[in-house]
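Okay, thanks everyone for coming. Let me put the model up on the screen, and then I'll walk you through the parts I looked at.

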Amino acid sequence: MRKTKDTKKVEEEDEDNESDDIVDNDDNDNDTNQSDEQEAITAFFDTLSDKLGWDDIEDDEKPKTAEDLIEYFKEVIEDNSKPDYASEEVEKLDEFVRNGGNLKDYFQLDADIDLDNIVIEDNEVNQKAVVRMLLKEKGFSSSRIDKMINKYEDAGILEDEA
């Protein structure tokens, strides 16, 4: 069969339409893949949140893509990594120690203790402070004092010694 100009034109149009169909199919595949990914991630997140008791998460807050899921977990980890301190003083102490500070410097344990007004019973911090002061006055080194206090604690006689 001999090709004419009209036949060539029709064949070229058919080839153009086929390439358009291929592109359209790729777009449909991408949409399908994205939809499948979104469904899988949403299902995974729903299962995980159900197991962890995360009942207060709205649908619009749920991650839809792998990147959203990763970002969500980063935020959860960051929020849960922040310590919950008993008081502002404890938070300041933690910050001081994290920055390389020494506990003795922070509390200034070497300072004089008012023995007339200190409560010993059921107060381990005060018990340790009194014993530490006594042992220091007797000339023991800081490391030896720490070991002795630990032994007193282990033996259950720290309060008696204080």
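By contact I mean heavy atoms within 4.5 Å.

A quick word on where this comes from. It's a predicted model, where local features need pLDDT of at least 70 and side-chain atom pairs count only at pLDDT 80 or more, while totals for chains, interfaces and linings use all residues. Residues are numbered from 1 along each chain as its sequence is written, and side-chain values use heavy atoms, with hydrogens and water left out.

What's the secondary structure? Seven helices and zero strands, so from the N terminus on you read α-α-α-α-α-α-α, where helices (H or I, at least four residues) and strands (E, at least two) are DSSP runs, numbered from the N terminus. Of the 162 residues, 15% count as buried, and buried means under 20% relative accessible area with a 1.4 Å probe, protein chains only.

Now, look at α5 (residues 124-137) and α6 (residues 142-155). They pack at an angle of about 135°, with their axes 10 Å apart. The axes are lines fitted to C-alpha atoms, for helices over the stretch in contact, and angles run from 0 to 180 degrees between N-to-C directions. The pair is therefore oblique, because angles under 35 degrees count as roughly parallel, over 145 as roughly antiparallel, 65 to 115 as roughly perpendicular, and the rest as oblique.

Who's touching whom there? On the α5 side you've got E124, K128, V131, R132, L135 and K136, and they meet I145, D146, M148, I149, Y152 and E153 in α6. That contact divides into six nonpolar, no polar and six charged residues. Here Ala, Val, Leu, Ile, Met, Phe, Trp, Tyr, Cys and Pro count as nonpolar, Asp, Glu, Lys and Arg as charged, and the others, Gly among them, as polar.

Next, the largest nonpolar core: seven residues, namely V131, L135, I145, M148, I149, Y152 and L158. α6 gives the most to this core, with four residues. A nonpolar core is a set of buried Ala, Val, Leu, Ile, Met, Phe, Trp, Tyr and Cys residues joined through side-chain atoms within 4.5 Å. If you pick out L135 and skip residues up to four places away in sequence, L135 touches F140, I145, M148 and Y152.

There's a second, separate core of six residues, including F45, I57, Y72 and V76. I57 sits in the loop between α1 and α2 (66-80) and is buried, at a relative accessible area of 13%. Beyond its neighbours within four places in sequence, I57 is in contact with F45, S49, K62 and Y72.

And S49? That one lies in α1 (residues 5-52) and is buried at 7% relative accessible area. Leaving aside neighbours within four places in sequence, S49 contacts W54 and I57.

Technical notes. Buried means under 20% relative accessible area, exposed over 50%, partly exposed in between (1.4 Å probe, protein chains only).
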